[in-house]
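User: I want to learn how to read helix packing, a hairpin and a chain contact. Please take me through this structure.

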Amino acid sequence: MGLYLLAIPVIAVLLFAFTKKNRIQHRISLSASTLLTITGAVITRDVLRFGSLQFGGIFYIDSLSIIVLDIVLVAALLVSVYSVGYLETEIKHEKLSAAKLRIFYILMYSFLFTMILALIVKNMGIMWFAIEATTLSSAFLVGLYNNKQAIEAAWKYVIIGSVGIAIALLGVIFLHLSSIGVLESQQYLDWKALYHHSKALNSSIIRLAFLFILVGFGTKAGLAPMHTWIPDAYSQAPTPIMLLSGVLLNSAMYAILRTVAIVNRNMGSSLFTGRLLMAFGILSILTAAIFILTQKDYKRLLAYSSIEHMGIIAVGIGVFTPLSVFGALFHMINHSLTKSMLFLSSGNLHQKFDTKQILKIKGVLKILPVTGTVFLLGLFAIAGAPPFSVFASEFTVIASIFNSKNIFFGFVFVLLLATIFAGIAVNLFKMFYGDNESGDIQPGEINIPGTVCITLLFVVITVTGLFIPKGMQNLILMAQNIVMGV
Amino acid sequence: MSELFNSLSILILLSSFILMANKRVKSYIKTFRFQSFLIAFAAGIIGVKSILEEGRFDVLLVCLVIIILKVIYIPNLLNKMQLNVEYKVEKDFILNIPILIMGCCAIVMFTYFSLSGTDIVSRGAINNQIVNSISLTLIGLFFMISRKKAIGQIIGFLEIENGLFITALYMTGGMPLIVDLGTFIDLLTAVMIMGVMVFRINEKFESINIDKLNNLKG
């Protein structure tokens, strides 16, 4: 079953290569992502029932990977539905040529393939090159519009991403070194074997390994100060790709989580990893707070908000109590869903108003009634207002910080979150007031299927904010046990 | 045998100093080719040794891939690239060369001190080799920030990759084969993608000075 996850994107790419009509390409994309989601659902059920799945020698799916994997698959479904309307509009506005559609879809499904591959292998080395491959497959997608800004963003994306990931490779090499003499040669870099023998690994080497892996994958996860590619890439990439690379941050965080599980078991405490993760986390939140307060471009603002939330997840993992890890994993899901919703609505906004400047947009609620309303409420949600799901998980993380007696740290953390709330309110709520002066923008929704997706996401984040579905809770608890090493 | 490895590792480190002292893009490529050749040589010796002692063919296979990829194909690709985009010779570095070389020395000392705390170095035989190869990686990073042209950055990235490979080779006798091959595929794609982007940058900005990539801020 698990191999379908890899086969479907490959078949889709082959089909795209042989079709010319845009209408057929849209259909292929829609059916491929639907199949992927169905496969994902079946695998999730199996994981809930059996705990973990192994197949084909190098593949391994447990509750930790299925959480991130499901986020990717849901994002894929959303993107494929949204892309149809989005791309047609772009072609109509002559921003993209019809021939580029095929390149877009081929690269998008290669991107999905590498993301899925990174999440279902147990060999840390293969995981590494799959994550590196995500950068490469999405580089041209970031630069798809081929103007000055897009090329600049794509260049920075490729260079910073590849160098970061190269540093992570050094970490993987150290991880390999620490296990020599402990593991059999066919088990080298196998995450499960490393995890089971973690007590026997060489501590001083594994510490170095963790440092390099944190900095390396931290670059891909968007932790400050390695975050600089994110605002550029997000503001220049087409909206569907913006959403997918938002999900990609989780995959990098997932690689860090896997390493944390090994290192903490090896050391017998979370002091070493915890301090580092908390420091990187709070620095990310601080950076995001400063840039959100002074931001003039709404897409960049959303990008900085992603950096903030990755910081929150890092802090949650760093505190390393059962509650905080639960909070971090739950936050990963909530943040991805809420942010996806915001990305898609910001895409609608961008297509309607044709500007990324906050000050040039007025009267969103009148011109785009549904998208506008959802966007407004989504901003409250992402800033952490109840009753939405981001509030629930942020609150869990905050509670766990105070529970673990980090009073001062918790205080700073809450203060920064409040600053970000204020920053989002001050900057973005301007867009909703007033009337649009120039009369050439007609009121009315564009991209109806996309807007339906946005509304559905909104319902989901509201419901999960009020109560967590049983299956999801079980999955997170199982994943939490894996990370905690119980 | 270990003396041979020691001297090879010092030569590789030296090649990174030479790379740092190069002024023209053309000479970067030459030095890079030389460095890759030294690395392929080291991999070849270890490969032959592992065939004779354990009957493993994988290191020799990897050595072959390095020769094809890093000694022949990528330098040629870069040469072609720079012929197409480089129409006048400009000064490419920000600081002057003596300062850059001093910086490299500082990096080697820094690596030595940070590794001396762990028991990799105190384990004996492999100590200096590891310091040298990790220094190579860091010097690669330093090279990237010291050059202004896009091709300079690609060379820096390749040097980092070289450093990583030689680190893995000296410390662990090579990574599992599938990981090594995956790394090479990634490397090749990365260089090709960067190459295409260099063309696009040259086309839109009329230069490959990355100083000019300053539209996106804040």
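Analyst: Start with a helix pair. The axes of helix α5 (residues 124-142) of chain A and helix α6 (residues 148-178) of chain A come within 9 Å and cross at roughly 175°. Angles over 145 degrees count as roughly antiparallel, so α5(A) is roughly antiparallel to α6(A). Axes are lines fitted to C-alpha atoms over the stretch in contact, with angles from 0 to 180 degrees between N-to-C directions. Helices are DSSP runs of H or I, at least four residues; strands are runs of E, at least two; both are numbered from the N terminus. The model is predicted: local features need pLDDT of at least 70, side-chain atom pairs 80 or more, while totals for chains, interfaces and linings use all residues. Residues are numbered from 1 along each chain, with chains lettered from A in the order written.

User: Which residues of α5(A) meet α6(A)?

Analyst: Contact means C-beta atoms, placed from the backbone, within 7 Å. Among those in α5(A) are W128(A), I131(A) and V142(A). Partners in α6(A) include Y157(A), G161(A) and L169(A).

User: How do I read the hairpin of β1(A) and β2(A)?

Analyst: Strands pair if DSSP finds at least two bridges. Here 4 bridges join β1 (residues 52-55) to β2 (residues 59-62) of chain A, running antiparallel. Q54(A) stands opposite Y60(A). The hairpin has 3 residues between the strands, and G56(A) takes a positive phi near 60°.

User: How many residues of chain A are in contact with chain B?

Analyst: 34 residues of chain A contact 35 residues of chain B. α6(A) gives the most to chain A's side, with 17 residues.

Methods. Angles under 35 degrees count as roughly parallel, over 145 as roughly antiparallel, 65 to 115 as roughly perpendicular and the rest as oblique. Two residues are in contact if their C-beta atoms, placed from the backbone, lie within 7 Å.
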